Amino acid sequence: MIEPQQIGPLLRRARLAWGLSPADLAQRASVSEMTLRVAERSGRATLIELASLAGALGGSLDDLLAGREFWNATSIALKTSDASFELSVVRARVIALANAANCERALAKFLALPPQWPKGAALGPVGLQSNVIKQSEALAKVVRDQVGAGSEPLGSLRAFCARLGVVAFLTDLGTELVDGLMWRERNAAPCIAANVAARGGASTAIRMTFAHELCHALFDRPKTHAFGILEQRTDDAVGREQRANAFAAYLIAPRGAVLDAMTRLGWSSADVPTSQHLRALAQFFGMGVEAMAYHLVNCGVWSKAEALKHRTFSVPYPSDDDREHAAPTPAEQMVSLERRGRVLDLATQALAQGRISVGRWRELVGLGLNTDWQLLVAERHVET
Amino acid sequence: MDACALIRLYKCEALGLLVNTIDFAVAEYAYGEFAAGGPSAKAALVDLAVKKRPIVPGSPEWKHFALVRGEFSTVDLGEDQSIAIALAEADRDNPMPIVTYDNGAEKKAHGFGVATVSFLETLAWLVSCGLLAVEEAEDLEQRAVARDGWRRSAGQAGSLAAQVSSLCEVLGSALAAAKQQTRTRRR
């Protein structure tokens, strides 16, 4: 645990990293501005005030008292945006993501889950080559091989990411202008998140975002230090964004598998694919129709002009990747979207094993004593 | 007193029984959690005249908290705070048990050598002090079943009357003194 005199400077650094004024932070943490100023100057604050301040800065009291720089990567990600959207809303959700990710990390360590990140870490980083489309196809193959996924459609992108040690979250950033983000604290496994407010919250879009962010997490990160990217929508992706887009498509639908599927659909290489082919492929691989159209261009079976004609279809795809957003139970809705997935699962696992108290479980999933938390426990068949 | 104990007694409309009995201290976090229940919950705390106990960096409680909390705690902040306060009070030769109805918190407190008072022990204590008849305590237990999901665990079989006699056997003269003190305060 850090010395009391180190608490103040740590709080101040975290606040400045997020670009929050003392008044903003005090309001977010429900403490008085005077309390915050005293805490930053001398570290003098009660535990409950310190817990509120740490929470409002993306960490927990435990993170603060351990002296961890829990805000680094997520605040770096936020700074990569050009703030063409309502920054305060996006910042609040990014802070909520940081909270969830820090909580997830602590739970995974407590439960002694086997670390998967060494598998992912071994793959990168990798610099850009001149032909990014070709490179992205090769990288997608390497990644699939690392997990032993062959060329089958990926039912769950999140499960796939988890096998490489990359934890995937959902969030609602309140703007369509951001697809998702990726961040990685120093010497830790990376995290990625998809924004359900973008692209109508379609499951196929969420899957593409996860795959896109996975590319950044594996290949665009620095070797050790903290790093983050927040993805603003752009129609003219270049460099690493272009690579990540193409990587996502090749990961979800490898060229060989696409051609096999088209052959099974009665297509021959002499034919021009039809809209029916496109829709069937999109459904088979769980990819958006528009993304699949561009992917067919990259795969060399369609011209760009032909692809542009088929941009308006949409194909629903049932997937586990957006479960907690698309079909949460009424009890799950009490939990914030960021914690509703893996954090809730891990905390409930610890509770079911009798390794944490009910109070600690509520603390981890962010439910107060006066909520109907018993419903959630009962729904998951946990004896308390 | 832990927040889960406060909330169960509150849900069972039994907090009032504790008014003017002994001094209660509540960790700041648990106090805040319980008070968030609304104005009547806050009023119940005022009636009970509980002492809200914060912990600030550098205090004797803080040192115990650091030890109790560790890297990843198995209990919540209020429970850790309560254990730290009990340990600091023990250093001041003022040993304090924790009233907690959470098995995990009970286990952790015992690990640090802090005594705890369970729900059944609370009922037995109320009967022993003459604040409840055995039948009233049994009614209260049934209310806890219906309103707070209370269930006895395997090791808690037996009638409340038996619980009371075993408590009297263990505490003996200390309980008689507590009974006298309660009578004096309530007068």
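A residue is termed buried when its relative accessible area is under 20%, exposed when over 50%, and partly exposed in between (1.4 Å probe, protein chains only). By this criterion, F285(A) is buried, with a relative accessible area of 0%, whereas F284(A) counts as partly exposed at 37% relative accessibility.

The structure is a predicted model, in which local features need pLDDT of at least 70 and side-chain atom pairs count only at pLDDT 80 or more, while totals for chains, interfaces and linings use all residues. Residues are numbered from 1 along each chain as its sequence is written, chains are lettered from A and ligands numbered from 1 in the order in which they are written, and side-chain values use heavy atoms, with hydrogens and water left out. The model scores ipTM 0.84 and pTM 0.89. For chain B, the mean pLDDT (the predictor's confidence in each residue, from 0 to 100) is 88, and 91% of the residues reach 70 or more.

Helices (H or I, at least four residues) and strands (E, at least two) were taken as DSSP runs, numbered from the N terminus. Strand β1 of chain A (residues 167-171) is largely enclosed by the rest of the structure, because five of its five residues are buried. In a regular strand the side chains alternate between the two faces of the sheet. In β1(A), both faces are covered, with V167(A), F169(A) and T171(A) buried on one side and A168(A) and L170(A) buried on the other. Strands were considered paired if DSSP finds at least two bridges between them; β1(A) runs parallel to strand β3 of chain A (residues 191-195) and is joined to it by five bridges. Within β3(A), A194(A) is the bridge partner of L170(A).

Aromatic pairs were assigned to rings of Phe, Tyr and Trp (its six-membered ring) with centres within 6.5 Å, planes under 30 degrees apart being stacked, over 60 edge-to-face and the rest tilted. Nine such pairs occur over all chains. The rings of F70(A) and W71(A) are edge-to-face, because their centres lie 5.0 Å apart and their planes stand at 90°. Both F70(A) and W71(A) are buried. The pair of F284(A) and F285(A) is also edge-to-face, at 5.0 Å centre to centre and 80° between the planes.

In chain B, ring pairs link Y101(B), F119(B) and W150(B) into a cluster. A charge was placed over a ring if NZ of Lys or CZ of Arg is within 6 Å of the ring centre and within 35 degrees of the ring normal. The charged end of R8(B) sits over the ring of F119(B), 5.0 Å from its centre, and K52(B) lies over the face of Y31(B), at 5.0 Å from the ring centre.
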